[in-house]
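Good morning, colleagues. Please turn to the sequence and the model on the screen, and I shall take you through the fold.

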Amino acid sequence: MSFVNGNEIFTAARKGHYAVGAFNTNNLEWTRAILKGAQETKTPVLIQVSMGAAKYMGDYKLVKNLVENEMRVMNITVPVIMHLDHGNYEAAKECIEAGYTSVMFDGHDLPFAENLEKTKEIVKLAHAKNISVEAEVGSIGGTEDGIVGLGELADVEEAKKMAATGVDYLACGIGNIHGKYPANWKGLSFDRLKELADAIDTPLVLHGGSGIPKEQVVKAISMGISKVNINTECQLSFAAATRKYIEAGKDQQGKGYDPRKLLADGTQAITDTVEEIIGWLGTPAVK
Ligand SMILES: [Zn+2]
């Protein structure tokens, strides 16, 4: 199966009060683990790459080709969306050219008028090629690829203006944070989420989905969140399983040092996390 864009999948999710997972890839193992989780649960999935991860792996084209080829050899039959996570203007344009089926243009650090203008340009370029676009209003807390967000709440009027550009999904700050959540975190702002969901029909995106208590994620989905971004959770489960393997001395038994063995438990842990989270999101199986 070839890539699909996110339009139908996320519009259906918003209408049906469920969400579809967006998982970040970092390498071959991550790509395989995410695809395996989606195939085993028979659910659509969005594989995304950050600018930093794409640079680490090579470039955007390499990432797209890797995902595409893994889909071929793994006989993946569920819909897969190939997405750029938190792209700047140049990265979004590059991914539109490279054949991604979805891009995020993150202009939250620009003055709002400029964010809006640039989003409009990206929407025009992307929609001409049937590619979905995600934009952002109200920054997400924490640090991602060196972009620091203070976690402000999205402004409803700004969200309306952003929705009017024709973006296909909108990331909105509702107190969510990238990375690990601090002990004194106040939780999601459901009041603001309700105002946003009442104001616009655009599927809403929850970034920093790792570490938010399950009941808050489920409640947010019932209120209009249709795309949930998961990155840190997979990194933590991979690291924990790999640590366990090494601490048990398995890398020193036989050929346990072979990277195909050394990384196997961690890779399986990513798949287990992906499947567990898909269960939280309520994503229905494809028919
Ligand atoms: Zn994010």
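In which sense do strand β8 and strand β9 pair, and over how many bridges? Before I answer, please note that this is a predicted model. Strand β8 covers residues 169-172 and strand β9 covers residues 204-206. The two pair in the parallel sense, over 2 bridges. Within this pairing, Leu-170 stands opposite Leu-204 of β9.

Next to this sheet lies the question of packing. Helix α6, residues 112-127, packs on the sheet and touches β4 (102-105) as well as β5 (132-137). The direction of helix α6 makes about 170° with that of β4.

In total, 8 strands close into a barrel with parallel pairing. Their order is β1-β2-β3-β4-β5-β8-β9-β10. On average, and ignoring direction, neighbouring strands of this sheet are turned by 25° against each other.

The C-alpha trace spans about 60 × 45 × 40 Å along its principal axes. Of the 287 residues, 47% count as buried. Among contacts with a separation of 6 or more, 70% are between residues 24 or more positions apart.

How values were computed
Residues numbered from 1 in each chain as written. Predicted model: local features only at pLDDT ≥ 70, side-chain atom pairs only at ≥ 80, totals over all residues. Pairing = 2+ DSSP bridges. Helix = DSSP H or I, 4+ residues; strand = E, 2+ residues; numbered from the N terminus. Axes fitted to C-alpha atoms, helices over the stretch in contact; angles between N-to-C directions. Contact = placed C-beta atoms within 7 Å. Buried ≥ 20, exposed ≤ 12 C-beta atoms within 10 Å, placed from the backbone.
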